[in-house]
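The sequence and the structure are shown first.

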Amino acid sequence: MSSRDSTTYFATPGQMRRYQIGKVLHHILVYGFLTILAIFILIPFIFMIITAFRDPDAYDYDTALRIFNLFPEWWNSALNRPNYTVQNFVELFTYQSASGNTINFGLYYANTLFVALASTLFTVITSVLAAFAFARCEFKGKNLLFTILLATMMVPGEMMVITNFQTVQSFGWRNTYSALIFVHGVSVFYIFYLRQTFQQIPNELFLAAKVDGYGHFRYLWRVMIPIAMPTIVTITILSLMGAWNSYVWPNLVAPGNWLSRNDTWSMMLVSNGLMSLFTNTDTGLSRDTVRIAGSVIVTAPLFVFFLIFRKYIMRGISRAGIKG
């Protein structure tokens, strides 16, 4: 090794000072930009939560004056008007319009919870089984079949609405839970996403399990599912969010009532019920605070669910991005 290669270079105090100043400025710019972005994202949610608890008369007063009141306790206290109330949430679940139409928000919530859980469970089961078959099982035409499945991802979902609706109509599933659960119970993207995770698991584990007498389902349950749990939880969260926020398909196949045993059971989901609340104009009051309270009720479960399982989403994304 030459003396030139073994020479150690030290930064001067001036260079170190400039480096530290540049590093601090970089952090200030990055965190400042992220803070501004977070403020723009959080302000609508903060305004929604505050408005949901506001007194309707006070909100209507501010709206008439075109006042954007993000902190109403200051302004309303000076005018001796009420600040916060739970009246909006009470009225949301007991709402009745001037024409006598009742919006049963509690029933819509129960329908949405059942449909979301059932469709998510069905989607996860089909995704796990299909991904395992394409990742570990060997059968004739496997690659061709998987290519055809991937090709269906290029077809916009709107183009399949008519055929899916005709299928539901022919089965007699309109205004039933079956149309809401089973039609979208298979996701090609989730199958592809989970297959990539399964393929990262060393094949030696599968061969060793076969030597130990493990069958395919036992190996899937005991080995592959625990390893791929972050990805499976990510699929579960995404599927649950999609089912919870679904609007177009439920509004098409289950817009009305389901008649059973001479009782009328509304099949509307919470998103459709909320939209009907926003589009209902047969009342003399604005009811904006009630509508925004409905938006809070719809958004809160997904937000809490995401906060609890957010680490699994990050693990699933990072695992899918690593080729092992």
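## Largest pocket

The lining of the largest pocket comprises 20 nonpolar residues, 10 polar residues and 1 charged residue. In this classification, Ala, Val, Leu, Ile, Met, Phe, Trp, Tyr, Cys and Pro are nonpolar, Asp, Glu, Lys and Arg are charged, and the others, Gly among them, are polar. The lining has 31 residues, and Asn-164, Val-183, His-184, Val-186 and Ser-187 lie nearest the centre of the pocket. Two or more lining residues come from each of helix 5 (105-136), helix 6 (142-152), helix 7 (161-171), helix 8 (177-181), helix 9, helix 12 (229-245) and helix 13 (248-253).

The volume of the largest pocket is about 950 Å³. On a 1 Å grid over the protein atoms alone, a pocket is an open set of points with protein on both sides within 12 Å along at least five of seven lines, and lining residues have an atom within 4 Å of a point. Grid points are joined across faces, edges and corners, and a volume is the space filled by probe spheres set on the points.

## Basis of the model

The model is predicted: local features need pLDDT of at least 70, side-chain atom pairs count only at pLDDT 80 or more, and totals for chains, interfaces and linings use all residues. Residues are numbered from 1 along each chain as its sequence is written, and side-chain values use heavy atoms, with hydrogens and water left out.

## Second largest pocket

The second largest pocket holds about 250 Å³ of space. Its lining consists of Leu-42, Phe-45, Met-48, Ile-49, Val-296, Thr-299, Ala-300, Phe-303 and Val-304. By class, 8 of these residues are nonpolar, 1 is polar and none is charged.

Helix 1 (13-52) and helix 15 (288-320) each contribute at least two residues to this lining. The largest share, 5 residues, belongs to helix 15.

## Overall fold

The protein chain contains 15 helices and 2 strands; helices (H or I, at least four residues) and strands (E, at least two) are DSSP runs, numbered from the N terminus. Of its 324 residues, 35% are buried, where buried means under 20% relative accessible area, exposed over 50% and partly exposed in between (1.4 Å probe, protein chains only). Among contacts with a separation of 6 or more, 73% join residues 24 or more positions apart, a contact being heavy atoms within 4.5 Å.

Helix 9 (residues 188-199) has 12 residues and spans 16 Å from its first C-alpha to its last, close to the 16 Å expected at 1.5 Å a residue. The expected span is 1.5 Å times one less than the number of residues. The buried residues of helix 9 are Val-188, Tyr-190, Ile-191, Tyr-193, Leu-194, Arg-195, Thr-197 and Phe-198.

Helix 11 (residues 216-227) also has 12 residues, and its end-to-end C-alpha distance of 15 Å is close to the expected 16 Å. Tyr-219, Leu-220, Val-223, Met-224 and Ile-225 are buried in helix 11. These buried residues pack against helix 5, helix 9, helix 10 (203-211) and helix 12.

## Salt bridge

A search of the whole structure finds 1 salt bridge, defined as a side-chain nitrogen of Lys or Arg within 4 Å of a carboxyl oxygen of Asp or Glu. The pair is Glu-138 and Lys-142, with the closest N and O atoms 3.5 Å apart. Glu-138 counts as exposed because its relative accessibility is 67%, whereas Lys-142, at 11%, counts as buried.

## Individual residues

Met-267 lies in the loop between strand 2 (263-266) and helix 14 (270-279) and is buried, at 1% relative accessibility. Met-267 and Ala-254 are 13 residues apart in sequence, with a C-alpha separation of 5.7 Å. Asn-175 occupies the loop between helix 7 and helix 8; the phi of Asn-175 is near 60°, a positive value in a residue other than glycine. Most residues other than glycine have a negative phi. Asn-175 is buried, with a relative accessible area of 15%.

Leu-145 lies in helix 6 and is partly exposed, at 40% relative accessibility. Thr-152 also lies in helix 6 and is partly exposed, with a relative accessible area of 34%. Thr-152 and Phe-189, 37 residues apart in sequence, have C-alpha atoms 9.8 Å apart.

Key: On a 1 Å grid over the protein atoms alone, a cavity is a set of points where a 1.4 Å probe fits but cannot get out, and a pocket is an open set with protein on both sides within 12 Å along at least five of seven lines; lining residues have an atom within 4 Å of a point.
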